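Dear colleague,

Please find the structure for your review below. My notes on it follow.

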Amino acid sequence: MHYICRGMKENDFTGKLPNHELPGGSFNWKAPSNIALVKYWGKRPPQIPANPSVSFTLDHCATRTSLHFVPMESTSGEFHFTISLDGKSSDSFRPKIQTFLERIEPYLPFIRQYSYRIETSNSFPHSSGIASSASGMAALSLCFLSMERALFPAMDEDYFRKKASFLSRLGSGSASRSTEGPLMQWGYHTAIPGSSDLYAVNYPFPVHDIFKNFQDTILLVDKGKKQVSSTVGHELMHHHPFAENRFRQAAENLVKLEPVFREGNLEQFINIVESEALSLHAMMMTSSPYFMLMKPNTLEILNRIWAYRQDTGSPVCFTLDAGANVHLLYPGNIEEEVKKWIESELARFCEGGQYIHDRVGLGAQPF
Ligand code: PMV
């Protein structure tokens, strides 16, 4: 494996201790989820991807986070924070936040000097099988970075954007792609200028208008907790018999997507995106130990998407996350007919008949 970083270096993000402190206050950020078109699966510490990826930033599926902070009179060596989700104290997130704070401290060395109240809520239902780690970690990172900008107001916009993605990555790899939109690329690739393993960048090549109004209906096949976490899945890519070929395939697919995005070639888009989704799941099924996250209704929906595309010529396609839910992707100009078809034919394969209409969005916003 070759892991090479270009562009800004890790040291460029190291933080300084300020010579003054902030009075108590709060920062509030809303960050969206994202859906990868070329998938990241496999990493090494600290959250360095084994292959580059690209994703659509979503719009409606988002996390809103308020970070309230108060300076502490003396620092005790511990991080002091409370977390609530939808107004209820939520200790289950504590270990993840604790790890995150330890990881970001070298880059934001002032964080131990304050105590925090983190209030967070998701726009999507809590148990929907939609991972909130990308949106949640991006929103929280932006809140902490806003503290740094308040302490060092000369921070320029480009640095802020890169550092937002850099810190988000330390919370959850895919979170690095949730800070901006509509199309984000993460992971160094020789053919992609400005690309980096450390942070995501806005896709740097021309993108046809058709992709700026793309729709993503998330068909909630299974709202339960996944049997195998992404953390374990990434881990299983070490010593995976097909790992090197998979990493190469992802890098090649990124190159193939460049003319596709530029020309708006939906046929090729569909081909690459569906292949990526199935390759991701093929990695899971060929890991040791092997596992499968797709459910019977996932396969039922995929077959129906293929049949519908064949019968109508409509450019609908799917992608999959590390779970059983299906992301149905289609251009905005066929939204009405596709929504009718979802209701009449696909909804019955969703748990409780539930799905979420989302679309491509522009990234995180303060509120
Ligand atoms: O960011 P993580 O560690 O939850 O991994 C996410 C991996 C996939 O969603 C399956 C693919 C991707 O690129 O987002």
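Against which strands and which helix do the buried residues of helix 5 pack? They pack against strand 1 (25–38), strand 4 (53–71), strand 8 (183–186) and helix 6, where contact means heavy atoms within 4.5 Å. Helices (H or I, at least four residues) and strands (E, at least two) are DSSP runs numbered from the N terminus.

The model is predicted: local features need pLDDT of at least 70, side-chain atom pairs count only at pLDDT 80 or more, and totals for chains, interfaces and linings use all residues. Residues are numbered from 1 along each chain as its sequence is written, and side-chain values use heavy atoms, leaving out hydrogens and water.

The buried residues of helix 5 (residues 243–263) include R246, N253 and L257; buried means under 20% relative accessible area with a 1.4 Å probe, protein chains only. Helix 5 bends by about 30° at L257, with a proline, P259, following within four residues; the bend is the angle between axes fitted to the seven residues ending there and the seven starting there. Just after helix 5, G264 has a positive phi of about 70°.

An open sheet of four strands, in the order 11-12-10-13, is paired in the antiparallel sense (pairing requires at least two DSSP bridges). Strand 11 (317–320) and strand 13 (355–359) are at the edges with a single partner strand each, so one side of each lacks a neighbour in the sheet. Strand 11 pairs with strand 12 (residues 326–331) over four bridges, and T319 has H327 as its bridge partner in strand 12.

Kind regards

Key: Buried < 20%, exposed > 50% of the residue type's maximum accessible area, 1.4 Å probe, protein only.
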